[in-house]
Amino acid sequence: MKRLATWKSLRQEYSPRQIIDAFFGGFVFAILIIAPVILALVEFIMVYMYLLTLSVILIIIALFAFVALLHWFWRKSLLLKKADASTDIRKLFTKTTLITCAVILVLGLVFIFVMIPILWV
């Protein structure tokens, strides 16, 4: 039997309550891990405002790490709920992580090349 990697197959296999519960569990653990990094980056921006572009690049990388952690914890939580899942959760969440990181990258580049020059004027 072929393992599907779609959100529709995930919703058929898990109840919406299980998916939301797993998401919030992953979100809490990802926040606990990434919060000190974000706080350090905020302090870095406050002290070294002239390195704002570098700071934004570091924040973009930290957001990539946050998204990857969130999806990793979310996947682990769903697999713990039902170990014999027929949905290929790893492939599904890898695609979702890449799409989310691409959106973050585009927004970060817009911020770097549009918003920062506007802020400096």
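This is a predicted model: local features need pLDDT of at least 70, side-chain atom pairs count only at pLDDT 80 or more; totals for chains, interfaces and linings use all residues.
Student: Where is Tyr 50 found?
Tutor: Tyr 50 sits in the loop that runs between α2 (16-47) and α3 (52-81).

Student: Is Tyr 50 buried or exposed, and why?
Tutor: Tyr 50 counts as exposed because its relative accessibility is 63%, and exposed means over 50%.

Student: What separates the C-alpha atoms of Tyr 50 and Ile 20?
Tutor: A distance of 41 Å separates them, and the two residues are 30 residues apart along the chain.

Student: Turning to α2, what span should its 32 residues have?
Tutor: At 1.5 Å a residue, α2 should span 46 Å; its end C-alpha atoms are 44 Å apart, which agrees.

Student: Where in α2 does a kink lie?
Tutor: The kink, of about 40°, lies at Ile 34, shortly before the proline Pro 36.

Student: Which residues of α2 are buried?
Tutor: They are Ile 19, Ala 22, Gly 26, Ala 30, Ile 34, Leu 41 and Ile 45. What covers them includes α1 (7-13) and α3.

Student: What is Ala 22 in contact with, leaving aside its neighbours within four places in sequence?
Tutor: Ala 22 is in contact with Trp 74, Ser 77, Leu 78 and Lys 81.

Student: How many residues make up the largest nonpolar core?
Tutor: There are 11 residues in all, including Ile 19, Ala 22, Trp 74, Leu 78 and Phe 93. Two or more residues come from each of α2, α3 and α4 (89-120). The largest share, 3 residues, is given by α4.

Student: What does the second, separate core include?
Tutor: That core has 9 residues, among them Ile 45, Val 56, Ile 60 and Ile 104.

Key: Residues are numbered from 1 along each chain as its sequence is written. Side-chain values use heavy atoms; hydrogens and water are left out. Helices (H or I, at least four residues) and strands (E, at least two) are DSSP runs, numbered from the N terminus. Buried means under 20% relative accessible area, exposed over 50%, partly exposed in between (1.4 Å probe, protein chains only). The expected span of a helix is 1.5 Å times one less than its number of residues. The bend at a residue is the angle between axes fitted to the seven residues ending there and the seven starting there. Contact means heavy atoms within 4.5 Å. A nonpolar core is a set of buried Ala, Val, Leu, Ile, Met, Phe, Trp, Tyr and Cys residues joined through side-chain atoms within 4.5 Å.
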